Amino acid sequence: MTVTLAIVGLLIFLSAILSHTLASIKDKVDVNVYFVTTAPESEIVAFQRRLAEIPEVERVTYTSREEALQAFRERHKEDQLTLQALEELGDNPLGASLSIKAEDPSDYASIVEFLTNEPPTAVDGATLIERVNYFQNKVVIDRLTQAIDATERAGALIVLLFALASTVIAFATVRLAIYTARDEIAIMRLMGASNTFIRGPFVVAGIIAGVLAAFIVLALFYPVAFYASSATAAWLGGFNLFNYYTNHFALFFVILVGAGFLLGGIASYFAVRRYLRI
Amino acid sequence: MILFDRVTKHYKDGTPALDDVSLTINPKEFVSIVGHSGAGKTTLLKMLLAEERPTEGLVFFEEVNVHDIPANLLHHYRRKLGTVFQDFRLIPNRTAYENISFAMEAIGKGDDEIASDVPYILDLVDLGDKAQHFPHQLSGGEQQRVAIGRAIINQPDVIVADEPTGNLDPVNTFEVIEILKKINELGTTVIITTHNKGVVDAMGKRVITMEKGRVVRDDPRGHYIL
């Protein structure tokens with residue numbers, strides 16, 4: 001039971017790490033709209049406002065031509081040749097861009113559709129958009145969406161499998177307890193003890209075992225999370241296991257004690273019904 | 001009144017345990033059932049305790065067909081019967097007192113009643129001074145007396161004793177039978193199975209003789225004849 005609940009607890013950690021990682025990855029994915037160099041800033045800002053009104057869009061960041069140039073210089077400051085070429089060009093060759101962040105990676109398709117169907121146009125009707133890098137990102141975004149879905153489904157499956165396994169374990173434990181006490185049970189039956197009187201103690205014992213196991217797991221996670229957090233902080237991209245545990249202790253407590261209570265109670269109830277012929 | 005009406009029992013492997021047994025036991029009777037091992041004595045008692053179902057025939061206890069009682073009400077029926085076994089079946093990690101009080105707890109009696117009734121019963125079976133002894137600290141006869149105390153504590157209508165003296169020496173046998181007689185005189189039906197010729201002959205009460213699953217003799221003032 002302790003092991004089972006430890007697995008449940010680890011699954012909470014895993015899902016937290018996973019969602020943290022996914023969130024940070026999602027955060028990095030965006031769609032950039034590059035405008036032609038002649039696009040007037042007012043048009044771009046107006047378009048930015050229109051984009052921001054779409055419900056799927058979380059935020060739109062505007063990068064002006066000068067900022068783009070600065071970023072380019074910064075990026076290539078070691079590369080004299082490129083910088084020289086830039087100097088020789090004289091004019092700023094870079095266009096302004098809008099970086100669009102969606103609420104959910106799957107929303108990018110509809111946002112890009114909007115961009116394709118209602119592109120901002122200049123007075124003469126020519127499009128102001130030079131290119132949208134969505135189609136380069138599309139593969140990455142699609143894969144990520146798939147990966148997130150698959151991970152969520154796999155997580156649910158793992159939880160289900162472990163719940164099943166732990167029920168079977170609890171089942172076997174109660175069966176053993178019933179077997180050990182079979183003489184006593186036979187005596188109680190002959191003395192006319194009611195079914196609840198005979199079954200009750202096993203169910204209560206199952207519940208106590210489940211809740212005790214939950215407390216053991218809660219206590220064990222404290223040092224484990226402490227040492228694990230320092231070892232994995234870098235690897236998990238700033239996600240601190242120990243802080244997460246202490247901040248979400250109430251969540252862990254409710255889930256683990258509740259799971260222990262239910263698992264112990266339900267498993268022993270069914271085991272008693274199954275193996276205790278009265 | 002207990003009525004066995006043409007009861008036949010075949011076990012799964014086909015061996016007949018009871019063959020067309022009909023008999024009536026009236027309230028306050030003291031009945032000894034005798035016969036060789038395998039004659040069907042224990043099976044007959046198991047029918048009455050609703051532990052086994054007859055293949056054919058009916059078993060009645062006070063107008064109720066014992067095997068029609070639904071499983072969730074069976075414990076109410078079993079409270080009318082007190083059981084005693086050859087191997088005592090005491091709970092080893094409970095004292096004599098606790099073994100008897102356990103029977104009262106099992107049917108939901110309150111603490112006050114337990115505290116007043118158990119010492120009385122312990123005195124009745126002559127174990128007042130050994131209340132705090134565990135079964136392994138008691139002799140066979142004393143253990144059987146605890147078992148009898150446990151069987152009668154809830155004032156059953158019938159005491160069913162399956163070879164209660166089978167594991168006991170003559171002195172203890174005599175004591176156990178004396179207690180059973182005393183219980184019978186107080187108005188409880190007693191049904192015992194036994195191998196002990198001395199017990200049956202000394203009693204001078206009704207004797208039912210069984211052989212190969214059949215009742216071959218039923219004497220109101222019988223002797224042990226095989």
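**Entry 1: sheet in chain B**

I looked up the pairing of strand E1 (residues 2–10) of chain B, and E1 pairs with E2(B) in the antiparallel sense over six bridges. Strands here are DSSP runs of E with at least two residues, helices are runs of H or I with at least four, and both are numbered from the N terminus. Two strands pair if DSSP finds at least two bridges between them. Within this pairing I found B:Leu3 opposite B:Thr24 in E2(B).

The model is predicted, so I note its limits: local features need pLDDT of at least 70, side-chain atom pairs count only at pLDDT 80 or more, and totals for chains, interfaces and linings use all residues. Residues are numbered from 1 along each chain as its sequence is written, while chains are lettered from A and ligands numbered from 1 in the order in which they are written.

I then traced the whole sheet, which is open and has four strands in the order E2-E1-E4-E5 (chain B), with antiparallel pairing. Strand E2 (16–25) and strand E5 (64–65) of chain B stand at the edges with a single partner strand each, so one side of each has no neighbour in the sheet.

Helix H1 (residues 41–48) of chain B lies across E1, E2 and strand E4 (56–61) of chain B, and runs at about 60° to E2(B). Angles run from 0 to 180 degrees between N-to-C directions, and axes are lines fitted to C-alpha atoms, for helices over the stretch in contact. Two residues are in contact if their C-beta atoms, placed from the backbone, lie within 7 Å.

**Entry 2: helix packing in chain B**

I checked H5(B) against H6(B): their axes come within 9 Å and cross at roughly 15°. That makes H5(B) roughly parallel to H6(B); the classes are roughly parallel for angles under 35 degrees, roughly antiparallel over 145, roughly perpendicular from 65 to 115, and oblique for the rest. H5(B) passes H6(B) in a right-handed crossing. A crossing is right-handed if the near helix is turned clockwise from the far one by less than a right angle, and left-handed if anticlockwise.

On the H5(B) side I list B:Gly140, B:Gly141, B:Gln144, B:Arg145, B:Ile148 and B:Ile152, which meet B:Asn172, B:Glu175, B:Val176, B:Ile179 and B:Ile183 in H6(B). The residues of this contact divide into five nonpolar, four polar and two charged. Nonpolar covers Ala, Val, Leu, Ile, Met, Phe, Trp, Tyr, Cys and Pro, charged covers Asp, Glu, Lys and Arg, and the others, Gly among them, count as polar.

I also looked at helix H3 (residues 96–106) of chain B, which packs on H5(B) at an angle of about 25° with the axes 8 Å apart. H3(B) and H5(B) are therefore roughly parallel to each other, and their crossing is right-handed. B:Ala96, B:Asn99, B:Ile100 and B:Ala103 in H3(B) meet B:Val146, B:Gly149 and B:Arg150 in H5(B). By class, that contact has four nonpolar, two polar and one charged residues.

**Entry 3: positive phi in chain B**

B:Asp126 is not a glycine, yet has a positive phi of about 65°. I placed B:Asp126 in the loop between helix H4 (111–124) and helix H5 (140–152) of chain B. B:Asp126 counts as partly exposed because there are 15 C-beta neighbours inside 10 Å. The cut-offs are 20 or more other C-beta atoms within 10 Å for buried, 12 or fewer for exposed, and partly exposed in between.

B:Glu163, also not a glycine, has a positive phi of about 45°. B:Glu163 sits in the loop between strand E7 (158–162) and helix H6 (170–185) of chain B. With 21 other C-beta atoms within 10 Å, B:Glu163 is buried.

**Entry 4: chain A and its side towards chain B**

I counted ten helices and four strands in chain A. Of its 278 residues, 24% are buried.

The four strands form an open sheet in the order E2-E3-E1-E4 (chain A), with antiparallel pairing. The edge strands are E2 (57–63) and E4 (129–132) of chain A. Strand E1 (residues 31–35) of chain A pairs with E4(A) over three bridges, and A:Val33 stands opposite A:Val132.

Last, I looked up the interface: twelve residues of chain A are in contact with twelve residues of chain B. H7(A) gives the most to the side of chain A that touches chain B, with five residues. That side has seven nonpolar, three polar and two charged residues.
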